[in-house]
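These are my notebook entries on one structure. I set down what I looked up and in what order.

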Amino acid sequence: MPQRTLRFRIRPDGRVEERVEGVEGDACLGLTERLESSLGSVERREATSEAFSMRAEQTQPLSVEHH
Amino acid sequence: MSHFSTVKTELRQRQPLLAALRDMGYSPEEGARQVRGYRGQTVEAELAVAMQEGGDLGFRWNATNGAYELVTDLDLWKQPVPIERFLAKLTQRYAFNTVLAASAQEGFEVAEQRDCQDGSIELVVTRWDA
């Protein structure tokens, strides 16, 4: 059962930055859409270091196809 | 000649706007309200904060922009901060309340909340997915 974690930073001028930790799921997207309808725009930072490392591992087998 | 000024905002929804005003210590009233300005002039707004001193604060729905606009008599501005600071603070509280409400609606719970030195608010929400 994966835990979805979202980290928001609400700037003093009202701008909102959203950072997804771990793997992004539909729940995160649903929340982002809700926010955008109310806020207009949300700055997204999807690739945390954790997400990067997981993505790197997932892409490794693909390089085999280049032989 | 009217003394009222209108200021465009990005405030699109009523509930987080009401919550933001309450966070800042105001008591907003809903429904068609008369906003009072210079020499008893009034203008109508959907939402207003009646002030003891100075002009009232009104919020009028602007269908073209899909957002509320602030309507007030700037000559009578008596808030503790200038209007730019007031709107920035209001917009931050609006965004904070929006994030809180949307998170709860999507089943997320607040795990952490803190005020940062630069005036930002950091909020961490989590949810366990089956």
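Which residue takes a positive phi in the hairpin of strand 1 of chain A and strand 2 of chain A? I found that Gly14(A) does, with a phi near 95 degrees, in a hairpin that has 5 residues between the strands.

Conventions. I note that this is a predicted model, in which local features need pLDDT of at least 70, side-chain atom pairs count only at pLDDT 80 or more, and totals for chains, interfaces and linings use all residues. Residues are numbered from 1 along each chain as its sequence is written, chains are lettered from A and ligands numbered from 1 in the order in which they are written, and side-chain values use heavy atoms, with hydrogens and water left out.

Entry on chain A. I looked up the pairing of strand 1 (residues 3-10) and strand 2 (residues 16-21) of chain A, which run antiparallel and are joined by 6 bridges. Two strands pair if DSSP finds at least two bridges between them. Arg7(A) has Arg19(A) in strand 2 of chain A as its bridge partner.

Entry on the elements of chain B. I recorded 2 helices and 7 strands in chain B, where helices (H or I, at least four residues) and strands (E, at least two) are DSSP runs, numbered from the N terminus. Their order from the N terminus is β-α-β-β-β-β-α-β-β. The C-alpha atoms of chain B fill a box of roughly 60 × 30 × 25 Å along the principal axes.

Entry on the sheet. In chain B, 5 strands form an open sheet in the order 1-5-4-3-2, with antiparallel pairing. Strand 1 (4-8) and strand 2 (29-36) of chain B stand at the edges with a single partner strand each, so one side of each has no neighbour in the sheet. Strand 2 of chain B is joined to strand 3 (residues 42-49) of chain B by 6 bridges, and Glu30(B) stands opposite Leu47(B) in strand 3 of chain B. Helix 1 of chain B packs on this sheet and touches strand 2, strand 3, strand 4 (57-62) and strand 5 (67-73) of chain B. Contact means heavy atoms within 4.5 Å.

Entry on the helix pair. Helix 1 (residues 14-23) and helix 2 (residues 83-105) of chain B pack at an angle of about 125 degrees, with their axes 8 Å apart. Axes are lines fitted to C-alpha atoms, for helices over the stretch in contact, and angles run from 0 to 180 degrees between N-to-C directions. The contact includes Leu17(B) of helix 1 of chain B and Tyr94(B) of helix 2 of chain B.

Entry on the two chains. The contact takes 32 residues from chain B and 25 residues from chain A. I noted a buried area of about 2700 Å² between chain B and chain A, with 57% given by carbon and sulfur atoms. Buried area is the accessible area (1.4 Å probe) that two parts lose on being put together, summed over both. In chain B, Glu106(B), Trp128(B) and Asp129(B) lose the most area to chain A, together 20% of what that side buries.
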